[in-house]
Amino acid sequence: MGALWEWNDWQQRLLGAEDEDLSQVFTRVKVHTLRETQIKWAIHKRTRAFCDLALHLLYQHHLADGARAALGGEVKLFRNLGPEDLMRHAARVVPDAREAEGLDRQRWLDTWRFQAAFLDDLVAYLFRPSVVQRRIGAVHEVLLTMAPQLTLGQLIREGTAAELQSTLHEPIVGLQTFIQAALPRQPRIRQYIDAMEVMSLTQWAHLYERVLPGYGLALRPGVTWHDLARLFDTVIEGVLLKARTHDDIPCVESGDNTLAAAIFAMLPSLCTIDRADIDTRTLQHPLHPTASPDRNQPTPAG
């Protein structure tokens with residue numbers, strides 16, 4: 001993992017949608033007060049800042065360069081995330097001294113009172129689908145911009161490299177993966193993971209439906225864009241697991257990364273194209289401005 005991220009960049013990486021309602025995320029603040037009070041505190045920037053601080057500290061503990069590995073119970077997963085720890089961490093990393101001073105023990109107690117309530121909100125905040133959606137959306141915008149200048153084979157190579165690098169070097173994804181691996185049976189975390197997976201697969205299916213028909217591809221009978229997304233996602237997870245344990249992205253003899261190689265092998269059985277044509281196929285008409293992943297068989301291009 002990389003060095004510890006600077007505070008402003010860290011906060012940017014934890015942003016979700018512009019219209020995100022954090023009162024639906026921070027459900028354990030001011031629990032014995034009126035709903036109007038709960039909403040006011042949930043959307044306050046200091047409530048969010050406490051969670052940003054805790055995740056920053058959690059990343060420092062477990063994933064940043066030089067972090068100690070948790071062995072045999074020596075290091076607890078959520079160790080040193082109490083209000084005093086966050087207050088000290090704010091003094092170290094928050095550039096604005098007045099902002100840091102506002103993140104004190106009393107403000108934390110006024111917000112949650114108990115550590116269990118804070119950790120519930122912290123995990124909910126980390127696993128918001130909108131954070132993943134924003135990251136995937138940024139990758140997709142790059143691919144859609146590049147497509148007119150690339151053959152399908154080049155787009156697959158560029159796209160798989162971009163997605164793997166984006167995922168491997170994104171600290172928030174690293175934290176999500178770490179906590180999921182540490183608490184694989186925790187019901188709420190499994191619920192969050194399921195929601196993120198549904199969102200992610202839908203977003204990727206949408207992209208494939210926009211892009212592949214532009215290269216003249218249609219789906220084989222009985223295949224849906226969601227099938228395509230799920231199959232490719234399964235390969236992605238395997239490649240990422242291998243890359244995380246070996247500190248690099250595995251490649252095949254041709255030099256392609258294993259994700260690109262798997263897509264080259266799978267695509268002809270899922271869409272109307274021969275393997276030999278993938279490397280030379282260029283964009284045949286403009287990409288669809290919108291598409292619905294629920295549609296099973298788009299109109300073939302050309």
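1. In this predicted model, the largest nonpolar core has 88 residues. Those with the most contacts inside this core are Leu 55, Phe 118, Phe 127, Leu 152, Leu 212 and Leu 267. Helix α11, residues 187-211, gives the most to the core, with 11 residues. As background, nonpolar side chains tend to be buried together in soluble globular proteins.

2. Leaving aside neighbours within four places in sequence, which residues is Leu 267 in contact with? They are Leu 152, Ile 156, Leu 212, Leu 217, Phe 232, Ile 273 and Ile 278.

3. Next, please follow helix α9, which runs over residues 152-168 and has 17 residues. From its first C-alpha to its last, α9 reaches 24 Å, close to the 24 Å expected at 1.5 Å a residue. Its buried residues include Leu 152, Leu 155, Ile 156, Gly 159, Glu 163 and Leu 164. In general, an α-helix has 3.6 residues a turn, so residues three or four places apart point the same way. What covers the buried residues of α9? The cover includes α8 (129-146), α10 (171-182), α11, α12 (225-246), α13 (258-270) and α14 (275-278).

4. Beyond its neighbours within four places in sequence, Arg 107 is in contact with Trp 41, His 44, Arg 46, Phe 50 and Gly 102.

5. Is Pro 95 buried or exposed? Pro 95 counts as exposed because its relative accessibility is 61%, over the 50% cut-off. Its place is in the loop between α4 (83-93) and α5 (97-101). Pro 95 and Glu 6 are 89 residues apart in sequence, but 9.7 Å apart in space, C-alpha to C-alpha. Leaving aside neighbours within four places in sequence, Pro 95 is in contact with Trp 7 and Asn 8.

6. A last point concerns cysteines. How many disulfides does the structure hold? The number is zero. Cys 51 counts as buried because its relative accessibility is 0%, and Cys 271 counts as buried at 0% relative accessibility.

Notes
Residues numbered from 1 in each chain as written. Predicted model: local features only at pLDDT ≥ 70, side-chain atom pairs only at ≥ 80, totals over all residues. Heavy atoms only, no water. Disulfide = S-S within 2.5 Å. Buried < 20%, exposed > 50% of the residue type's maximum accessible area, 1.4 Å probe, protein only. Contact = heavy atoms within 4.5 Å. Core = buried A, V, L, I, M, F, W, Y, C linked by side-chain atoms within 4.5 Å. Helix = DSSP H or I, 4+ residues; strand = E, 2+ residues; numbered from the N terminus. Expected span 1.5 Å × (residues − 1).
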